[in-house]
2 protein chains.
Amino acid sequence: MTVTTAAPPPRADHGDPQIAERAATAIRMLAADAVEKAKSGHPGAPLGMADIAVALWGVNGGGVVHHNPANPSWPDRDRVVLSNGHASMLLYALLHLTGYDLSAADLAAFRQFGSRTPGHPEVDQTPGVETTTGPLGQGLANGVGFALAEKILAETFNRPDHAIVDHHTWVLLGDGCLMEGISHEVASLAGRLGLGKLICLYDDNGISIDGAVEGWFSDDTPARFRAYGWQVIEGVDGHEISAVSLALTEAKADALRPTLICCRTVIGQGAPTKAGGHDVHGAPLGAAEIAAMRESLNWPYAPFEVPEDIRAACDARPAGAALEAAWRARFAAYQSAYPELAAEFERRLASTFPADFAQTEEALFADLIAAGTVASRKASQLAIRRLAPALPELLGASADLTGSNLTDWPGAARINDGPAGRYLSAGVREFGMAAVLNGMALHGGFIPFGGTFLVFSDYSRNAIRLAALMRRRVIHILTHDSIGLGEDGPTHQPVEHAASLRLIPNLAVWRPGDAFETAVAWSAALRRADGPSALLLSRQNLPAQSFDGDRRAAASRGGYTLSARPQPRAIILASGSELGLATAAQALLDGEGIAVNVVSVPCLELFLSQPKDWIDAVLPPDLPRLAVEAAHPDPWWKVVGLEGAVIGMDRFGESAPAPELFAHFGFTPAAVAARLRDLLAK
Amino acid sequence: MTVTTAAPPPRADHGDPQIAERAATAIRMLAADAVEKAKSGHPGAPLGMADIAVALWGVNGGGVVHHNPANPSWPDRDRVVLSNGHASMLLYALLHLTGYDLSAADLAAFRQFGSRTPGHPEVDQTPGVETTTGPLGQGLANGVGFALAEKILAETFNRPDHAIVDHHTWVLLGDGCLMEGISHEVASLAGRLGLGKLICLYDDNGISIDGAVEGWFSDDTPARFRAYGWQVIEGVDGHEISAVSLALTEAKADALRPTLICCRTVIGQGAPTKAGGHDVHGAPLGAAEIAAMRESLNWPYAPFEVPEDIRAACDARPAGAALEAAWRARFAAYQSAYPELAAEFERRLASTFPADFAQTEEALFADLIAAGTVASRKASQLAIRRLAPALPELLGASADLTGSNLTDWPGAARINDGPAGRYLSAGVREFGMAAVLNGMALHGGFIPFGGTFLVFSDYSRNAIRLAALMRRRVIHILTHDSIGLGEDGPTHQPVEHAASLRLIPNLAVWRPGDAFETAVAWSAALRRADGPSALLLSRQNLPAQSFDGDRRAAASRGGYTLSARPQPRAIILASGSELGLATAAQALLDGEGIAVNVVSVPCLELFLSQPKDWIDAVLPPDLPRLAVEAAHPDPWWKVVGLEGAVIGMDRFGESAPAPELFAHFGFTPAAVAARLRDLLAK
């Protein structure tokens, strides 16, 4: 470790090591008692990281984390991420001790139904929890997103002598996070982007669930992170609060590189007989061990009881109030100097649209009506071109498929070239990109979107799921959405992916049938502030459909009658590239005197959530139904019933030009018409 | 680069650099012409790697790859993996030139329907293609699996002076593979396991689709791989065949560490104006560029024409025949010395079961009948305990959840401790593990299985998909398969995963309802040689169900009437942990005089593939149907129809003890009975 300053560094304990150590003991006992009471949980990591936590949050106003427990949504607070989310009791204990609205009773309800202390940290469930963690590695990725958001907002809004955006992101992580592939993706990106305000503390306890990690994880982790361009501070004794404090100070001193602080720790430190073993990871310590622990740590207090002197020392509200007050004073000065910027900053953080957003949407619809026959990926790009100048919070990305996903726009400076950019070439890192965008959405100030091929949503799937669970607005642009991808073949052709994404609760999946519906999808995704959306877009051109009436209102229901016939005998439902196929089949059937309605379903789950009268009007109960989608048929059976039929794909595709594939797999007007005739003949 | 031997290394060109360079030109022109004719494809990487390829395969019997084009399934051949699968024409050109059964006409049909030269390499479609690649990073992971398989088989079968298993695995990869997170997972593992016969060639051309990679990928890759414990040979000129040859020789000399050879190349090398730019990556060069290329490379031949001297120099059949003959002589000697071992080796490679396998299965069923009420994860472990001693090809793994997945067995030595092991603690690397197991299944000699929590199949999903596409037998043990996981909460509770896995074509998804059905699932997964299976298993105990008749035959159909009543008025279908719930509801309804049958559906897709008479007998068309599964309801609508009902979960779970969650979400006998009554009242 190189010491970068001659001045004595600030000490987290403010010169009172005894109270700091007792605070660590309080954390340990709260964690152990909560897990014991819940009869399940993970004591190992909270016990092992208690000293690190005290160094980070401090006592008596020490510590490095800038936060105000009285206001967990203060915009310029530091963000703290517990990437090893199973250590949730560490975080809950700290939030409790530092003065967040989290009582001893809340801690005692750990892992119980409806409590504010779920098994893994969940954002919006607990004041002070910044993101939902547990699936390993993603907390680190969220942290990269937080730090990137801070950096871009600072570049955008700060002015000389007015640093209104100036906070750090602290990530606690363990071996598991570092083994996961996503840690590579996002650490590499963070190093490249020079996220100097990202500081990660590695709980290097040498133990994972299967035992001593040396059997399966022998990386030279410091060397690995140096290879990414990080500052690495290694060999820190994670049970020496002052040593961790010193490392934290050194970490902050490097503004150009993210920092990894490698803390050697003992898992379950403080548990008299179980510390250091893997059994302490994920099971209660047991009454005897806890009693012995109370004894050996000199902790005569009842479970969830904390003596007043420790409470007072840990209470971060006074210091937090001062920090926030100072920031508010700075912000007031900024407001005076830059009233428009200040208003824009507040708008961005409040997540409201610009006053002229409705006009922007009108222009967007006009653009896409004028677009005519284009691929829906191209229609999406036209939407982005209209939206990006009007919505500065819109931030785009692609996992190295910009020219294919069509996610960029003219004049979109790349973040890769500096924080004045708004477009990220994320590299071939689908999962990392999605989880970084989650972090940016959580931070606030951004509506992030990212592109890849639909088939590679497999790689990013769990990050999409977490956005849905966290109810955060991230927009996924998933192009090349069927065998229409063509020659690249079955490894690149999605089959099950539309169906599979629709299964994720709270994810809106749009598969627009033409440019107009792409406008509807973009508009809905932007307005859906409480959850992610996925736009499944075609590589190939889609004919523009015509409609009599207010198509925008109709399509915004997720499903509507695009083309009606008098006395229809059946319904053809379709989405995306099969919408044009359905109308072509309808025309064929018209020629045979068979009247059928075509129902467009750009967002199936949204359609099925409409009032019954809308659904019944679109799908009169007595009419047989045929659904057509070049994808797995499963989602459609709940719409067509056993009496209906689905033309879909339940096998892998092939490498060939797209038109041949559509013909081979039965996606032709003639085949659809034939199937409809069969249905009527039943 | 350190030279480890004083002797002059073998040269790929056998002293004739001119013919070697012309061979590289042949590869370039074949690739460029094939992409041009297909009007789509990726010329950049084949052109950039042509010289590396010549160094690897050699001319005039040089090169380092031990293969015999006349017999692509020779057991001791080297395995070559093209991890950057979009460079498929590089591989096809080589297979063609070295004498595999791949004609010029096959090359001319590149990316056309039904051809043997699909857009990305697909195993079993093209002789000499060892694995299906395209989704980046997974080829490298397959390569790790190949090398691990070789190492374990060598340890198992080789005897002093009898090296019957002794081959290398060569992986070609690009920037994209190295950006993907899975590269971290498997390179870390390969370093730890000391896979000295794994040699990777990195096509370091500095370009990916979005442009120059330095904007998003500035890793010190050599330092990164050294941190994993690899030998790294850097700074090799990838267009200097002799330099690459020297590096290959050095790579082979290190038997203890995997090697990464970093080759500096120019993407599209040989294309006069387009080389070095990202436009050459994924689009045809165009007629003018190709004409200029013919000129500048002095290649006067027609597309797909190769002059005889180059053909003769590249033909690897004579050398290959000699290599294979030498191995066959070694194997004959081995057979004489160790006839039983030799027979066992042949059995393993032929993928046939031991002669006593039927008895093993009987014992397995007896064990699981005796097991009574256990969690299905525990039943699975009992199955493994019975199977592992009897099936030496069975190889287990877990992504750091061994004690939770219950994937190990007594006496299972860990591969982490040496290649005599049969159980891999894979670390927290779900995706890497799954793709490594794919490689082992592809290699032959193993039936690999790996465990993680069901929810984390999200991480490994695309590798499961590729096993299904490749039709390879890999068994996924996915435990904690519902909200029955309990307190860990919604990040760890699968909701959409059973439905989502069932969507993957050619994946058998089993969710057994008790110990007996777990035996059926294990038996079916083992006997399913042409595809992967996923076993979705409970954390919590499941009551053993009773059955009158041949339950094994019935359950092997995927769905069957577990419990019939005279004149039933309805059917309750269930899987997994909800099977006991269904029978409990049946008993409640019995008490009310409402007779219902309970249908167990441990494998829904298998059930639906049965003959119509079986399905109609189990589900008489006139009886209303209620499906119960603590998972997303979507898969069941195609069974119950719009007149039926599903009790499922289409929202995220909660953190709480499992019994409370089941009650809260409506999974109680009373709730099921009530829903059934509603159904009858409709």
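In this predicted model, the side chain of Asp514(A) reaches the backbone nitrogen of Gln545(A) at 2.8 Å, and the side chain of Asp514(A) also makes a polar contact with the side chain of Arg551(A), at 2.9 Å. Asp514(A) is found in the loop that runs between β13 (508–510) and α20 (515–527) of chain A. If residues up to four places away in sequence are left aside, the residues that Asp514(A) touches are Leu542(A), Pro543(A), Ala544(A), Gln545(A) and Arg551(A). Is this aspartate, Asp514(A), buried or exposed? Its relative accessibility is 1%, and because the limit for a buried residue is under 20%, Asp514(A) counts as buried.

Two further loop residues deserve a look for their backbone angles. Leu406(A) has a phi near 55 degrees, which is a positive value in a residue other than glycine; Leu406(A) sits in the loop between α16 (402–405) and β10 (423–425) of chain A, and at 15% relative accessibility it counts as buried. In the other chain, Arg111(B) has a positive phi of about 65 degrees although it is not a glycine. Arg111(B) belongs to the loop between α4 (104–108) and α5 (138–157) of chain B, and with a relative accessible area of 3% Arg111(B) is buried.

Over all chains, a search of the whole structure finds 70 salt bridges. One of them joins Asp124(A) to Arg472(A), with the closest N and O atoms 2.9 Å apart. Asp124(A) lies in the loop between α4 (104–108) and α5 (138–157) of chain A, whereas Arg472(A) lies in the loop between α18 (457–470) and β12 (475–479) of chain A, so the pair ties together parts that are 348 residues apart in sequence.

A second pair lies within chain B, where Asp76(B) forms a salt bridge with Arg330(B) and the closest N and O atoms are 3.9 Å apart. Which parts of chain B does this pair tie together? Asp76(B) lies in the loop between α2 (44–57) and β1 (79–82) and Arg330(B) in helix α12 (residues 317–337), so the parts that are joined are 254 residues apart in sequence. Asp76(B) is buried, with a relative accessible area of 4%, and Arg330(B), at 36% relative accessibility, counts as partly exposed. Salt bridges can also be followed through several residues, and in chain A a network of them links Asp481(A), Arg502(A), Arg511(A), Glu578(A) and Glu629(A).

Other charged pairs lead across to the neighbouring copy. The side chains of Lys638(B) and Asp634(A) meet in a salt bridge of 2.8 Å, N to O. This pair crosses between chains, from Lys638(B) in helix α25 (residues 637–640) of chain B to Asp634(A) in the loop between β19 (625–628) and α25 (637–640) of chain A. Both ends are shielded, as Lys638(B) is buried with a relative accessible area of 18% and Asp634(A) is buried with one of 5%.

How many salt bridges are counted between chain A and chain B? The count is eight, and the residues on the side of chain A that touches chain B divide into 41 nonpolar, 34 polar and 29 charged. The contact as a whole takes 104 residues from chain A and 103 residues from chain B, and the two chains bury about 8200 Å² between them, 54% of it on carbon and sulfur atoms. Across this interface, 57 residue pairs are in polar contact, with both residues at pLDDT 80 or more.

Chain A can be laid on chain B with an RMSD of 0.0 Å by a turn of 180 degrees and a shift of 0.0 Å along the axis, which is the relation of a two-fold axis. The same surface serves both copies, since 99% of the contact residues of chain A recur in chain B. Of the residues of chain A, Gly181(A) comes closest to the rotation axis, with its C-alpha at 1.8 Å.

How values were computed
Residues are numbered from 1 along each chain as its sequence is written. Chains are lettered from A and ligands numbered from 1 in the order in which they are written. Side-chain values use heavy atoms; hydrogens and water are left out. Contact means heavy atoms within 4.5 Å. Buried area is the accessible area (1.4 Å probe) that two parts lose on being put together, summed over both. A salt bridge is a side-chain nitrogen of Lys or Arg within 4 Å of a carboxyl oxygen of Asp or Glu. A polar contact is a pair of N or O atoms within 3.5 Å; within protein, one must be able to donate a hydrogen and the other to accept it, and residues adjacent in sequence count only if both atoms are side-chain atoms. Ala, Val, Leu, Ile, Met, Phe, Trp, Tyr, Cys and Pro count as nonpolar, Asp, Glu, Lys and Arg as charged, and the others, Gly among them, as polar. Copies are superposed by least squares on the C-alpha atoms of residues with pLDDT of at least 70 in both. Helices (H or I, at least four residues) and strands (E, at least two) are DSSP runs, numbered from the N terminus. Buried means under 20% relative accessible area, exposed over 50%, partly exposed in between (1.4 Å probe, protein chains only).
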